[in-house]
Amino acid sequence: MSTAKAIAQDVRTGTRRAAAVLEEYLGRIESHDSDIHAFNTVTAEQARAAAASIDEAVSQGRDPGPLAGVPVAFKDNLCTRGVPTTCSSRMLETWSPPYDATVVQAMTAAGAVMIGKTNLDEFAMGSSTENSAFGPTRNPYDLARVPGGSSGGSAAAVAAGFAPLALGSDTGGSIRQPAALCGIVGIKPTYGRVSRYGLVAFASSFDQIGPFAADVTDAALALGVISGHDPADSTSIPTAVPDFDAALARGVEGLRVGVISELTGGGRNGAGTGGPVIDDAAGEVLDGIDTDVTERVLEAADALADAGALVGRVSVPAVTYGLTAYYLIAPAEASSNLARYDGTRYGLRVDGADVEEMNRLTRRAGFGDEVKARIMLGTFALSSGYYDAYYGKAQRVRMLTRRDFDAAYADFDVLLSPTSPCVAFRFGDRSDPMTMYRCDTCTIPSNLSGDPAMSVPFGTGTDDLPVGVQVLAPALGEETMLTVAAALERAAPPLPAPQMAAGGTSGSA
């Protein structure tokens, strides 16, 4: 399969036609998406019109942009004008926005072709894409396993070869965790680096949009396109967009890399020829991170040391409290954001004897169980008598997390950890909510701090399934993060081909 960068280069030079590229990907979707269910909507006719427009521009000597003719899938919580944006919920099943999200506008302006809207956990609440009102998405590596979530449809679409690029949203790990489980690259940028305008809100102080790609180069290309200040988003950072592509070839010689002790166990003090810069750092080790995943992280640290990085361990104590803090703050924000879905203004309406009954019946029919549970939890945390005991304390832990990361970045340029505590699990294996929530153990801390983080495939674990290594960096440190990610990619063992990419259809849910 071609990379996004190669496709754009061929289309811009006239070597390939955008229309022909599009038909290749539409053919793959038609052949295999019935097995995977990556998409809620495939926008074939709209995409054909866009591809034809790009080919016409090239024929007239105009440059369509750095993503010319590249098919892109958008998570179905990103607003797309005239195209259903359902959030995989019955509540918005028939809603089509009157405008495009800023990131959709940016991708289109760069020449990308929207190929469809991808499945997700309802309103982005979940870690497996089992909570979609329209059915689960399956992992292209094993159809009996989940792709992760909540952006599981976007991750599966890239892993299966349905699109070279996809966008997702990351509130507690919803880009990085599915990227890890599907063996691809996923980036959560610094909070404010990418506009959230047009993203249907889950938890506004955490939500961030980012790209999925098969390799680091394509991910950096997409990140550069969607980054930048947006006056429509009050949290957007007014700073110049760096040349992310230039960062990929810099090498890691002399960079300081800290392996987070709390997320990798006592283990060996992983270091190759570069050696550690500090002794093994003490810290409370979190339970539930599989040994095979930890081993891949330590091997990744060794690879960076061999490439000239200075590798050591670092303690970030507050990460042990991240899960509990997040699952108080995020549901509290969700309970507020989802109050707008009341049957009055847009979306589903179930008639009742009066307004109060209409509201109640609409929300009962429109929301799934996971969404209802989080609304109830968030409402409780914000209620009189409990606000200070729960929500207030969680916010203090959030500040503590930021301070602990700042202290770690005083000694290290980037940090390493697992992305997911395990490889892709089978459907139903984590039906208990607390077991499912622990899937976000390694990713939530950077959402609490607002710092960038990304997942890079690095070998396999149990059942020869992909393992993702997480690279974390300080705020606006995406360039260094990408430099390290590119070095890991060069050193990573090759992954087996996903079943869909190989044309197989074995496995069943």
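Student: Where is Cys87 found?
Tutor: Cys87 sits in the loop between S2 and H4. Helices (H or I, at least four residues) and strands (E, at least two) are DSSP runs, numbered from the N terminus. This is a predicted model, so local features need pLDDT of at least 70 and side-chain atom pairs count only at pLDDT 80 or more, while totals for chains, interfaces and linings use all residues. Residues are numbered from 1 along each chain as its sequence is written, and side-chain values use heavy atoms, with hydrogens and water left out.

Student: OK! And is Cys87 buried or exposed?
Tutor: Cys87 counts as buried, at 1% relative accessibility. Buried means under 20% relative accessible area, exposed means over 50%, and partly exposed is in between (1.4 Å probe, protein chains only).

Student: What is phi of Cys87 near?
Tutor: Phi is near 55° for Cys87, which is a positive value in a residue other than glycine. Ala124 also has a positive phi, near 70°, and is a residue other than glycine. You'll find Ala124 in the loop between S3 and H5, and with 4% relative accessibility Ala124 counts as buried.

Student: Which peptide bond is cis?
Tutor: The one from Gly149 to Ser150 is cis, with omega near 5°. Ser150 has its place in the loop between S3 and helix H5 (152–159).

Student: New topic: how many salt bridges does the count come to?
Tutor: The count comes to 18 salt bridges. The rule asks for a side-chain nitrogen of Lys or Arg within 4 Å of a carboxyl oxygen of Asp or Glu. Side chains of opposite charge can pair when their charged atoms come close.

Student: Which side chain does Arg17 meet in a salt bridge?
Tutor: Arg17 meets Asp55, at 3.8 Å from N to O. This pair links distant parts of the chain, 38 residues apart: Arg17 is in the loop between helix H1 (4–13) and helix H2 (18–36), and Asp55 is in helix H3 (residues 44–59). Arg17 counts as exposed at 51% relative accessibility, whereas Asp55 is buried with a relative accessible area of 13%.

Student: What about Arg48, which residue does it form a salt bridge with?
Tutor: Arg48 pairs with Glu23, and their closest N and O atoms are 2.7 Å apart. Arg48 is partly exposed at 32% relative accessibility, and Glu23 is partly exposed at 35%.

Student: And where do Asp76 and Lys117 lie?
Tutor: Asp76 lies in the loop between strand S2 (71–75) and helix H4 (102–109), and Lys117 lies in strand S3 (residues 113–118), so their pair ties together parts 41 residues apart in sequence. Their salt bridge has its closest N and O atoms 3.1 Å apart. Asp76 counts as buried, at 0% relative accessibility, and Lys117 counts as buried at 0% too.

Student: Now the helices. At what angle do H2 and H3 pack?
Tutor: H2 and H3 pack at about 155°, with their axes 8 Å apart. That makes H2 roughly antiparallel to H3. Angles under 35 degrees count as roughly parallel, over 145 as roughly antiparallel, 65 to 115 as roughly perpendicular and the rest as oblique. The axes are lines fitted to C-alpha atoms, for helices over the stretch in contact, and angles run from 0 to 180 degrees between N-to-C directions.

Student: Which residues in H2 and H3 meet?
Tutor: From H2, Ala18, Ala19, Leu22, Glu23 and Leu26 meet Ala44, Ala47, Arg48, Ala51, Ile54 and Asp55 of H3. Contact here means heavy atoms within 4.5 Å.

Student: Last one: how far apart are the axes of H7 and H16?
Tutor: Helix H7 (residues 216–226) and helix H16 (residues 478–491) have axes 10 Å apart and pack at an angle of about 160°. H7 is therefore roughly antiparallel to H16. In their contact, Val216, Ala220 and Leu223 of H7 meet Glu478, Leu482, Ala485, Ala486 and Glu489 of H16.
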